[in-house]
Amino acid sequence: MSLGAHIKKSVAWLFPSAAIVHGKRHSGNSVEITFDDGPDASNTARILDILSAAEAHATFFLVGNKAHRHPGLVREIHGRGHQIANHGFAHRNARLCSVKEIIEDVERTQAALEDIVGAAIQRDFRPPYGAVTPGSFLALTRRGYRYVFWSIDSRDYATQSADATLANVAGRSRGGDILLFHEDYAHTTVALPFILDEISSRGLICDTANALR
Ligand SMILES: [Zn+2]
């Protein structure tokens with residue numbers, strides 16, 4: 001087990017399950033597709049159209065400084081019924097920052113997203129790099145944040161190919177899974193219609209974190 005996985009397991013054991021989510025399988029037919037690192041000027045609009053065509057909903061873990069640059073895309077994601085959530089303002093690694101820096105970064109993002117859409121949004125946080133430290137975890141969960149991880153990693157950041165990204169997820173989804181993708185890779189966007197089709201062919205629907213939990 002990697003150190004990161006070990007920390008996650010320890011944290012999940014030590015703290016209430018409500019504070020940490022990583023795609024627990026259930027007998028239902030909902031899965032959650034998540035996109036990190038957006039919004040993205042090249043891909044977001046296309047991703048939204050593909051999701052609409054498939055009648056699928058997703059969760060977008062947005063980077064605050066990108067949201068700040070593309071508020072129209074944030075409103076478009078939110079307006080189409082997808083969940084927008086927190087991926088930090090400057091994509092900082094909790095292992096390389098002080099607890100105070102992480103709190104400021106996450107709170108600044110939450111405020112920016114809520115300001116852009118003009119509404120409160122659920123305090124769902126996906127830590128950049130999946131990095132968790134006991135101090136940052138305690139501080140953020142005390143402020144009402146829930147850590148949202150994933151159960152299926154498309155590894156789109158490593159494959160750099162639509163075919164390989166599809167192959168990494170095809171045949172794997174079951175009810176309750178959370179699938180990890182990234183919004184800033186063109187090959188992920190190319191693979192997405194095929195991924196949604198494959199999920200649908202297995203009798204599963206793509207819903208958001210809000211609806212699933
Ligand atoms: Zn990220």
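Beyond its neighbours within four places in sequence, Val74 is in contact with Pro39, Leu62, Ala67, Ile84, Leu113, Ile116 and Val117. Contact here means that the C-beta atoms of two residues, placed from the backbone, lie within 7 Å. The model is predicted: local features need pLDDT of at least 70, side-chain atom pairs count only at pLDDT 80 or more, and totals for chains, interfaces and linings use all residues. Residue numbers start from 1 along each chain as its sequence is written.

**The core.** The largest nonpolar core has 45 residues. Phe60, Leu62, Val74 and Leu179 touch the most other members. Helix α9 (residues 186-201) gives the largest share of this core, 5 residues. Such a core is a set of buried Ala, Val, Leu, Ile, Met, Phe, Trp, Tyr and Cys residues joined through C-beta atoms within 7 Å. A residue is buried if 20 or more other C-beta atoms lie within 10 Å of its own, exposed if 12 or fewer, and partly exposed in between; C-beta atoms are placed from the backbone. In soluble globular proteins, nonpolar side chains tend to be buried together.

**Helix α5.** Helices (H or I, at least four residues) and strands (E, at least two) are DSSP runs, numbered from the N terminus. Helix α5 (residues 99-117) has 19 residues. From first C-alpha to last, α5 reaches 27 Å, close to the 27 Å expected at 1.5 Å a residue; the expected span is 1.5 Å times one less than the number of residues. Which residues of α5 are buried? They are Ile102, Asp105, Val106, Thr109, Gln110, Leu113 and Ile116. Seen down the axis of α5, the buried residues fall within an arc of 135°, so they line one face of the helix. The arc is that of the directions from the helix axis to the C-beta atoms. Exposed Lys100 and Ala111 sit on the face turned away from the buried side. The buried residues of α5 pack against β3 (58-62), α3 (64-69), α4 (71-79), β4 (83-86), β5 (124-125) and α6 (134-142).

**Backbone geometry.** A cis peptide bond joins Gly38 and Pro39, with omega about 0°. Pro39 lies in the loop between β2 (30-38) and α2 (44-53).

| Residue | Phi | Location |
|---|---|---|
| Gly118 | near 70° | follows α5 |
| Arg155 | about 55° | loop between β7 (152-153) and α7 (156-159) |

Tyr129 is exposed, with 12 other C-beta atoms within 10 Å. Arg155 counts as partly exposed, with 16 C-beta neighbours inside 10 Å.
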